[in-house]
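Subject: Structure handover

Hello,

Here is the structure you are taking over. My notes on what was found in it follow below.

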Amino acid sequence: MSAVYDTRRASIALSVVVPIFNEEESLPVLAERLRPVLDVYGEPYEVLAVDDGSTDQTPHLLEDLRSVWPQLRIVTLRRNSGHQAALAAGLHRARGAYTVSIDADLQDPPEVIPDMLTLARTDGLDIVYGVRTDRSTDTGFKRRTAAAYYWLMRRMVGSFVPAQAGDFRLLSRPVVDALKSFPDQRQIYRLLIPSLGFPSGQITYRRGERAAGTTKYPLHKMILLALDSITSFSVIPLRLATAMGALSLVVCLAFLTWTLVVYVTGNTLPGWTSLIVTLLFFGAVQLFCLGMLGEYVARIYNSVQARPTYLIARDTEEEQQ
Ligand code: UDP
Ligand code: MG
């Protein structure tokens with residue numbers, strides 16, 4: 001696959017995809033910081049603001065911004081579909097030779113984007129990850145859960161998953177086209193993209209404070225992301241269940257032999273405690289394994305239905321045609 005995409009063939013050199021959910025406070029700062037970076041770069045670009053069903057002033061603010069910023073393209077989803085779905089909507093519609101995805105809250109600095117582009121072009125890379133070297137502005141809880149997530153993913157999915165690389169990254173057109181060709185829309189991009197095997201590089205940056213507002217990733221969404229990440233990329237939990245089953249079998253056989261020996265020699269004990277403990281233990285193991293199996297079944301269920309993860313209500317680019 002050609003690494004350096006011929007930008008002369010595409011009229012737009014760079015698409016910037018920004019998933020946005022109730023970011024009325026961050027949007028003005030975002031425009032203030034992102035626009036100069038892109039304007040100075042001097043190549044044709046588009047900014048795809050994907051409004052993920054915001055219920056605050058975000059839609060109006062975007063509209064106002066667009067009237068003074070012609071490169072701003074608003075893609076509105078029918079309802080709140082989640083960060084990854086909003087990202088997918090943006091990637092599917094991006095037209096640039098390169099596409100950068102960036103959060104709206106400015107925790108990822110837009111000033112790094114030109115460095116990503118330069119690195120991709122000079123080194124002939126298809127992917128440039130933004131890697132967070134310093135997360136001291138995140139809460140201790142966020143840092144620890146993130147560290148656990150990347151540790152687990154690198155073990156379960158593979159060590160090619162770059163640690164601390166979130167969804168701030170640059171992709172070349174061939175990568176975006178490859179992503180679009182996957183039928184299953186429920187993708188975890190930070191795991192899928194490294195697994196494709198395109199030549200990649202990294203740019204490190206300090207993760208800043210949220211420009212304004214609060215995180216749109218409460219604990220339950222983080223748990224869902226982790227569960228989804230595991231079930232879509234790894235069968236290790238299923239193998240663990242098998243291993244646990246095999247181990248239990250061995251223990252049970254030993255216990256059975258012992259019980260028989262005790263019975264034959266006439267030394268039968270009351271044994272209420274051991275009975276309850278064994279019963280509870282195996283009951284718990286069985287329920288746990290069943291739950292794990294259920295997670296995979298749920299994923300298959302969702303994939304088989306092949307329902308779209310998002311629906312587009314509006315794309316300002318299409319209105320102009
Ligand atoms: N986001 C979204 N849909 C959602 C939740 C979040 O589009 O349902 C966007 C949000 O506006 C932001 C990005 O995804 O641009 C990352 O979210 P956030 O900053 O809240 O996550 P955190 O940085 O705390 O992990
Ligand atoms: Mg954030």
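Two residues are in contact if their C-beta atoms, placed from the backbone, lie within 7 Å. Among contacts in the protein chain between residues at least 6 apart in sequence, 86% join residues at least 24 apart.

The model is predicted: local features need pLDDT of at least 70, side-chain atom pairs count only at pLDDT 80 or more, and totals for chains, interfaces and linings use all residues. Residues are numbered from 1 along each chain as its sequence is written, while chains are lettered from A and ligands numbered from 1 in the order in which they are written.

Overall shape

The protein chain has 11 helices and 8 strands (DSSP runs, H or I of at least four residues for helices and E of at least two for strands, numbered from the N terminus). Its radius of gyration, 25 Å, is well over the 20 Å that the globule rule gives for 321 residues, so the chain is more spread out than a compact globule. The radius is taken over C-alpha atoms, and the rule is 2.2 Å times the number of residues to the power 0.38. Along its principal axes the C-alpha trace spans about 90 × 40 × 40 Å.

The sheet

An open sheet of 8 strands runs in the order β7-β5-β6-β4-β1-β2-β3-β8, with mixed pairing; two strands pair if DSSP finds at least two bridges between them. At the edges are β7 (200-206) and β8 (312-315), each pairing on one side only. Strand β3 (residues 72-77) pairs with β8 in the antiparallel sense over 3 bridges, and L77 stands opposite I312 in β8.

Two backbone points

Which residue in the loop between β4 and α4 (113-123) is worth noting? L106 is found there, and its phi is near 65 degrees, a positive value in a residue other than glycine. L106 is buried, with 20 other C-beta atoms within 10 Å. Q164, in the loop between α5 (140-156) and β6, also is not a glycine and has a positive phi of about 60 degrees. Q164 is partly exposed, with 19 other C-beta atoms within 10 Å. A residue is buried if 20 or more other C-beta atoms, placed from the backbone, lie within 10 Å of its own, exposed if 12 or fewer, and partly exposed in between.

The ligand

Ligand 1 is surrounded by 16 residues, the closest being P19, F21, A104, T215 and K216 (C-beta atom, placed from the backbone, within 6 Å of the molecule). Both β1 (14-20) and α3 (83-93) supply at least two residues of this shell.

Regards
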